[in-house]
Amino acid sequence: MYTQDVYFWRAGAIATVVFMCVVLAALTIDTLRQISPGGARVPSYDVINSAVTYQYDTSRGEYLPKIGGEELIFGHRYTEDEASTLIAKGKLVIQSRACIDCHTFFGNGGYYAPDLTRAWMDPVWAISPGPKRAERLAKFLTNPLRLGARPMPNLKIRRDEAEAVVAYLKWLSSVDSNGFPDRFGAPGAN
Ligand code: HEC
């Protein structure tokens, strides 16, 4: 049935716009709930006090970060506020050195150097387990040693800046990113 009744079409357009606004608002609220620290997918900042590993989850069929028991970095237990300040500083260091020109985070950025989403878990830092991992990563950032085919440049990162970046990378590695990157650090992967 076709009608030229202008009120019919106007009412239809308004109803559609209102309905889609409600859907958009619901999706935005849900997204914010999922991506806020302490939310469904992003642990609160004080997760840097705990062990974070990448394990296969059979129910979801993908690798997921698993938060374990206490595993301090740099011998310090950070409160939520301290961790939040430190991670914000790490983010600023990362932005100031434009790490994303070479690296990717969650797959976004430059494809010259490895993705950093799970860099914290790279087995290369695991030679000394536990707290030593943070130390090795911080040393690498202040004075990069060659690991693979391409060297990482020395970006003149200070020790305090490196610690902040390590905290940022540890927190980042705990984010549930739907199994990305797949099988990172698993035997035979990478
Ligand atoms: C000019 C390009 C470039 C920039 C800019 C750069 N990197 Fe790198 N980075 C590399 C390369 C290349 C490697 C691989 C080094 C190797 O294999 O020896 C690397 C390796 C790394 C690793 C080890 C990755 C892993 O999975 O173990 C970390 C961590 C890292 N970079 C952090 C950073 C951070 C943080 C910044 C910014 C402060 C940064 N990089 C800026 C090129 C860069």
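Visitor: What share of the 190 residues of the protein chain counts as buried?

Guide: A residue is called buried if 20 or more other C-beta atoms, placed from the backbone, lie within 10 Å of its own, exposed if 12 or fewer do, and partly exposed in between. Of the 190 residues of the protein chain, 23% count as buried. Please note that this is a predicted model: local features need pLDDT of at least 70, side-chain atom pairs count only at pLDDT 80 or more, and totals for chains, interfaces and linings use all residues. Residues are numbered from 1 along each chain as its sequence is written.

Visitor: What radius of gyration does the protein chain have, and what would a compact globule of 190 residues have?

Guide: The radius is taken over C-alpha atoms, and the globule rule is 2.2 Å times the number of residues to the power 0.38. The protein chain has 22 Å, whereas a compact globule of 190 residues would have a value near 16 Å. Along the principal axes, the C-alpha atoms of the protein chain fill a box of roughly 75 × 35 × 35 Å.

Visitor: Which domains does the assignment give for the protein chain?

Guide: The bounds come from an automatic or database domain assignment. Domain 1 covers 1-35 and domain 2 covers 45-173. Taken over C-alpha atoms, the centres of domain 1 and domain 2 are 42 Å apart.

Visitor: How many helices and strands are in the protein chain?

Guide: Both are DSSP runs numbered from the N terminus: helices are H or I with at least four residues, and strands are E with at least two. The protein chain has 4 helices and 4 strands. From the N terminus on, their order is α-β-β-α-β-β-α-α.

Visitor: In which sense do strand β1 and strand β2 pair, antiparallel or parallel?

Guide: Two strands pair if DSSP finds at least two bridges between them. Strand β1 (residues 50-57) and strand β2 (residues 62-70) are antiparallel, with 7 bridges. Ser-50 has Glu-70 in β2 as its bridge partner, and Gln-55 stands opposite Leu-64 in β2. The two strands form a hairpin with 4 residues between them, and Gly-61 in the turn has a positive phi of about 70°. In a regular strand the side chains alternate between the two faces of the sheet.

Visitor: Which residues is Gly-109 in contact with, leaving aside its neighbours within four places in sequence?

Guide: A contact requires the C-beta atoms of two residues, placed from the backbone, to lie within 7 Å. Beyond those neighbours, Gly-109 is in contact with Ile-100, His-103 and Thr-104. Gly-109 belongs to strand β4 (residues 108-109) and is partly exposed, because 17 other C-beta atoms lie within 10 Å. In the protein chain, 61% of the contacts with a separation of 6 or more are between residues 24 or more positions apart.

Visitor: Why is Arg-133 buried?

Guide: Arg-133 is buried because 22 other C-beta atoms lie within 10 Å.

Visitor: Where does Ala-98 lie, and why does Ala-98 count as exposed?

Guide: Ala-98 is in the loop between α2 (80-96) and β3 (104-105). Ala-98 counts as exposed because it has 12 C-beta neighbours inside 10 Å. Its phi is near 50°, a positive value in a residue other than glycine. Lys-156, in the loop between α3 (132-142) and α4, also has a positive phi, near 55°. Lys-156 is exposed, with 8 other C-beta atoms within 10 Å.

Visitor: Which residues does a cis peptide bond join?

Guide: The cis peptide bond joins Phe-180 and Pro-181, with omega at about -10°. Pro-181 lies in the segment after α4 (159-173).

Visitor: Which of the 26 residues around the ligand come nearest?

Guide: A residue is near a molecule if its C-beta atom, placed from the backbone, lies within 6 Å of it. Cys-99, Cys-102, Ala-113, Gly-148 and Met-152 come nearest of the 26. The shell around the ligand divides into 19 nonpolar, 2 polar and 5 charged residues. Here Ala, Val, Leu, Ile, Met, Phe, Trp, Tyr, Cys and Pro count as nonpolar, Asp, Glu, Lys and Arg as charged, and the others, Gly among them, as polar.
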